[in-house]
Amino acid sequence: MTAIQEKVVLITGASSGIGEATARLLARRGAKVVLGARRTDRLAALVAEINATGGTASFQRLDVTHRPDMEAFAEFALETHEHIDVLVNAAGVMPMSPLWNRKIEEWELMIDVNLRGVLLGIAAVLPTMQEQGWGHIVNVAPVAMQGVSPSSAVYHGTQYAVNAISEGLRQEHAGRLHVTVVRPEVHGPADPLAERIAASFSRERMRTHRRIAVPLDAVARSIAGAIEGYGITASAVRAQQPRQRPHPAEYVQ
């Protein structure tokens, strides 16, 4: 029995990309996955596939930028499974362009999905995790810790903010909740994250990079490894002694 088995794992952005790959892998390893995204047709097909192969999956329509949606997503998981072990914030968009193009609607979209969505996800599950005395939040922020490339100022800004929020959350709940940031390279050619890059030169550079980038299933394995590293369960929380403050920033590459 693995540390993932029987865990209730909520995954945003689960209709494609990292979220979809993570849902498949965690379900194969015995997790009870609760999937959220806007494209319910894709979610329904994925849930049917997982359940047909012996896994446990359910879904709810989710717009991560809409607070009532996120709260309803967490409530749906509680009603279905009675607790929440892990939240994987995997929803993200990357419509990059130079700032002088003034694509303000795209800036707002990245801020809403990449940053606001993460905050709303944390807010939705945190009361439950605090009451339980255990939980794990995994935030996906696909950028290096330093550096900004042309046309990526707003996108990188949202991802750096996710890193800062994650570290603050970790410090506030050290010894009670676990927080992991997964920072993969831009991932394989089947992932739609980079399809909305407006600047042609940036889009072509991204396509070239993606040909040699880390595949989606490797990113999913990193997320699974992070979850397996913290085998928190209700019985374990009752049995364990108070923990010492963990080493700074629990990051998985």
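Tutor: A residue counts as buried when its relative accessible area is under 20%, and as exposed when that value is over 50%. By that cut-off, 51% of the 253 residues of the chain are buried. The model is a predicted one, and every value here is computed from it.

The setting comes before the detail. The chain has eight helices and seven strands. Among contacts with a separation of 6 or more, 72% join residues 24 or more positions apart.

The crossing of α4 with α5 is right-handed. On the α4 side, the contact is made by W107, M110, I111, N114, L115, V118, L119, I122 and L126. On the α5 side, the residues are V154, Y155, T158, Q159, A161, V162, I165 and L169. Sorted by class, this contact has 14 nonpolar residues, three polar ones and no charged ones.

Another residue of helix α4 is A124. Its relative accessibility is 14%, so A124 counts as buried. What does A124 touch, if residues up to four places away in sequence are not counted? The answer is M70, E71 and A74. A72 can be located from here too: the C-alpha atoms of A124 and A72 are 8.5 Å apart, although 52 residues separate them along the chain.

Helix α3, residues 67–81, includes H81. With a relative accessible area of 14%, H81 is buried. Apart from neighbours within four places in sequence, H81 is in contact with V8, K32, V34, T56 and S58. E82 belongs to the loop between α3 and β4. Its relative accessible area is 71%, so E82 counts as exposed. The phi of E82 is near 75 degrees, a positive value in a residue other than glycine.

At a relative accessible area of 57%, R102 is exposed.

Helix α1 (residues 17–28) packs with helix α2 (residues 40–52) at an angle of about 20 degrees, with the axes 11 Å apart. That angle makes α1 roughly parallel to α2. The crossing of α1 and α2 is right-handed. From α1 the contact takes E20, A23, R24 and A27, and from α2 it takes R42, L46, E49 and I50. In the contact of α1 with α2, four residues are nonpolar, none is polar and four are charged.

Conventions
Residues are numbered from 1 along each chain as its sequence is written. This is a predicted model: local features need pLDDT of at least 70, side-chain atom pairs count only at pLDDT 80 or more; totals for chains, interfaces and linings use all residues. Side-chain values use heavy atoms; hydrogens and water are left out. Axes are lines fitted to C-alpha atoms, for helices over the stretch in contact, and angles run from 0 to 180 degrees between N-to-C directions. Helices (H or I, at least four residues) and strands (E, at least two) are DSSP runs, numbered from the N terminus. Angles under 35 degrees count as roughly parallel, over 145 as roughly antiparallel, 65 to 115 as roughly perpendicular and the rest as oblique. A crossing is left-handed if the near helix is turned anticlockwise from the far one by less than a right angle, and right-handed if clockwise. Contact means heavy atoms within 4.5 Å. Ala, Val, Leu, Ile, Met, Phe, Trp, Tyr, Cys and Pro count as nonpolar, Asp, Glu, Lys and Arg as charged, and the others, Gly among them, as polar. Buried means under 20% relative accessible area, exposed over 50%, partly exposed in between (1.4 Å probe, protein chains only).
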